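Please look through the structure shown here together with its sequence, and keep both at hand while reading the briefing.

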Amino acid sequence: LFSAGAQEPEPLTAKVIGTAKTPQGELPHAELDLSIYPNSSPAVPPPAVDDALAQSQSVSQQWPYYTPSSNLVLPANSLVTIKITQYDSGGIIYNPFLAEVVGTVDGKATFDGEERTGIDPKNVAHTFTIHQYPESDQPSWFVNVPVPANSGNAPTDANGYPKDPHVIEFSFITGDAGEYIWNCEFPCGTGYVSFGGPMQQRGWMSGTVTVV
């Protein structure tokens, strides 16, 4: 069985690059880069976790995943900018709300250089969605950024990845220190309505956000 509590890759810590003016005043500004691949390859190995079964299923079933880590560490009370380079295809998301940008500065994200409040619900590859644990007594925190799909006819490199992937950038403001989770809300896995496999496996389409 695959577990949401399984081991994650090593932490990926956002790098503080200076300060920035925000709606909450001058704050520390940190950056973090992620990529999404449709499957592993010799050039891009699967997540490095001590879980042989997950590794085997990932390769045999061509699981998509975020890289270099699903274990994210962000500074508290800071502006955080995340850049996602997206190589996967996609389709129609079940809930159109998740095709909207929520919780970012000004409620917007930049998609291939164009600032928008959301994308076409019929052309979603994944989402990056931060929320708290169901049992958490921490202040509510929700961030959702949809990630557009690449065309199935897009020119690809030797590993089968699009040569011109989508690039998405967005910024949000963190609060006090706390423990949160993030996951993809697009059904891109296996099993019942495609919400199994990588969708619930830490290291692939699900992870943690630690605010410190």
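Predicted model: local features only at pLDDT ≥ 70, side-chain atom pairs only at ≥ 80, totals over all residues.

Residues are numbered from 1 along each chain as its sequence is written, and side-chain values use heavy atoms, with hydrogens and water left out.

**Nonpolar cores**

- The largest nonpolar core has 39 residues, and those with the most contacts inside it are Ile84 and Phe128; such a core is a set of buried Ala, Val, Leu, Ile, Met, Phe, Trp, Tyr and Cys residues joined through side-chain atoms within 4.5 Å.
- Strand E3, residues 25-37, gives the most to this core, with four residues; strands (E, at least two residues) are DSSP runs, numbered from the N terminus.
- Leaving aside neighbours within four places in sequence, Ile84 is in contact (heavy atoms within 4.5 Å) with residues including Leu34, Ile36, Phe128 and Phe170.
- A second, separate core of nine residues includes Tyr37, Tyr87, Tyr161 and Trp204.

**Ala109**

- Ala109 is found in strand E7, which covers residues 109-111, and it counts as buried because its relative accessible area is 2%, where buried means under 20%, exposed over 50% and partly exposed in between, with a 1.4 Å probe and protein chains only.
- Beyond its neighbours within four places in sequence, Ala109 is in contact with several residues, among them Val101, Glu114, Val145 and Phe170.
- Ala109 and Pro46 are 63 residues apart in sequence and 28 Å apart in space, taken from C-alpha to C-alpha.

**Cysteines**

- A search of the whole structure finds zero disulfides, a disulfide being a pair of cysteine sulfur atoms within 2.5 Å.
- The cysteine sulfur closest to that of Cys184 belongs to Cys188, but it lies 3.8 Å away and is therefore too far for a bond.
- Cys184 counts as buried because its relative accessibility is 2%, and Cys188 is likewise buried, with a relative accessible area of 15%.

**Surface patch**

- Tyr94, Tyr192, Val193 and Phe195 make a nonpolar surface patch of about 480 Å².
- Tyr192 is found in the loop between strand E12 (178-183) and strand E13 (206-211), and this residue counts as exposed because its relative accessibility is 72%.
- Patches are made of residues with over 30% relative accessible area and no salt bridge, where like charges are joined within 9 Å and nonpolar side chains (Val, Leu, Ile, Met, Phe, Trp, Tyr) within 5 Å; a salt bridge is a side-chain nitrogen of Lys or Arg within 4 Å of a carboxyl oxygen of Asp or Glu, and accessible areas come from the Shrake-Rupley method with a 1.4 Å probe.
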